[in-house]
Amino acid sequence: MTTSPDPFAGASDAAVLVAFANGDGQAARVLTARLLPRVLAQATRLLANPAEAEDVAQDAMMRLWKVAPEWRQDEAQISTWLYRVVANLCTDRLRKRRSVALDQVAEPLDGSPSVAAQMQTQARMRALSDAMAALPERQAQAVSLRHLEGLSNPEIAQIMDISVRSVESLTARGKRALAEVMAGRKAELGYDDDEPE
Amino acid sequence: MTMTNPNDDMLDDLFTQASAQPPAQPSEDLIARVLADAAGVQPAPSAHVIGQPGLWARIMDAIGGWPALGGLAAATVAGIWVGVAPPASVSDLTARLMGDTVSVDLFSTTLLLDAGALSDG
């Protein structure tokens, strides 16, 4: 008998979740290995804060464990469901930021150019995340799924349970509002002398 | 009025940078927390999946399974039948082993009546 790193190789995520609900001892580890990286990546891109992203990822996975006994395999794909859960949890976090003053953008000080560039990238990501916090939640979710996750409009429509036309409207309005919010921070984010190509 | 906005360039660049960020890998600590959460809420496995054999299965195992049970049943029926209607050979055998004075006389009606008469007298 050969040992496989994934005892559920070839089985769908939903099938592994059913095994989890039936008490299988390997299922949680397999699902964590399959799903947690993507969940964490989505939260990190939208929140631009590693600690907050980890909390959201843990919370999203906890919701998955809890929903397992009632999961209906024909209802939705787990990946779709998780996109929705993470988007909701992230916009909850962003809403709480609104009452807090926007973070100061870290100035790239001395150090190698790569370090300075990395710091500037982090500052820009944080600024983008903070600007997302200023949007209505549905707009922030649609914009993040479209422009940060790179999903198609039909995929977003399924995740958000709305029509494709509504997705188009939300992303267009959200992007416009985002551009206005970001306009005031153009100089501090280095976009005056660092024009994007 | 067109939708072209000078800030769109900045926004598109920010989106591109965000998407290009190497995805954060879950730390060991986060994985441990997630698995601990899972262990805390996971339903217990069904008893019949890993449970011990039931009482009947254990009895069957002790006596040797179905063949032994069949033999046991046949012996029981034969024993009952011999008790109800003993064949002549069994009667002959008991007579030879125990002598002619057998219990049949003890339970005969006349003997009981005689015994009653004797006790009265």
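A pocket, on a 1 Å grid over the protein atoms alone, is an open set of points where a 1.4 Å probe fits, with protein on both sides within 12 Å along at least five of seven lines, and its lining residues have an atom within 4 Å of a point.

The model you see is predicted, so local features need pLDDT of at least 70 and side-chain atom pairs count only at pLDDT 80 or more, while totals for chains, interfaces and linings use all residues. Residues are numbered from 1 along each chain as its sequence is written, chains are lettered from A and ligands numbered from 1 in the order in which they are written, and side-chain values use heavy atoms, without hydrogens and water.

Let us start with the largest pocket, which holds about 440 Å³ of space. Its lining has 15 residues, and those nearest the centre are A:Thr44, A:Ala48, A:Gln122, A:Met125 and B:Gln21. Helix H5 (113-133) of chain A is one of the elements giving two or more residues to this lining, and H2 is the other; helices here are DSSP runs (H or I) of at least four residues, numbered from the N terminus.

Most residues other than glycine have a negative phi. A:Asp161 also has a positive phi, near 60°, and is found in the loop between helix H7 (153-160) and helix H8 (164-183) of chain A.

Now turn to the aromatic rings, where the structure holds two aromatic pairs over all chains. Rings of Phe, Tyr and Trp (its six-membered ring) pair if their centres lie within 6.5 Å; planes under 30 degrees apart count as stacked, over 60 as edge-to-face and the rest as tilted. The rings of A:Phe20 and A:Trp65 have centres 4.9 Å apart and planes at 35°, so this pair is tilted. A:Phe20 lies in helix H1 (residues 13-21) and A:Trp65 in helix H3 of chain A, so the pair ties together parts 45 residues apart in sequence. The rings of A:Trp71 and A:Trp81 have centres 5.7 Å apart and planes at 90°, so that pair is edge-to-face.

Notes:
Points joined across faces, edges and corners; volume = space filled by probe spheres on them.
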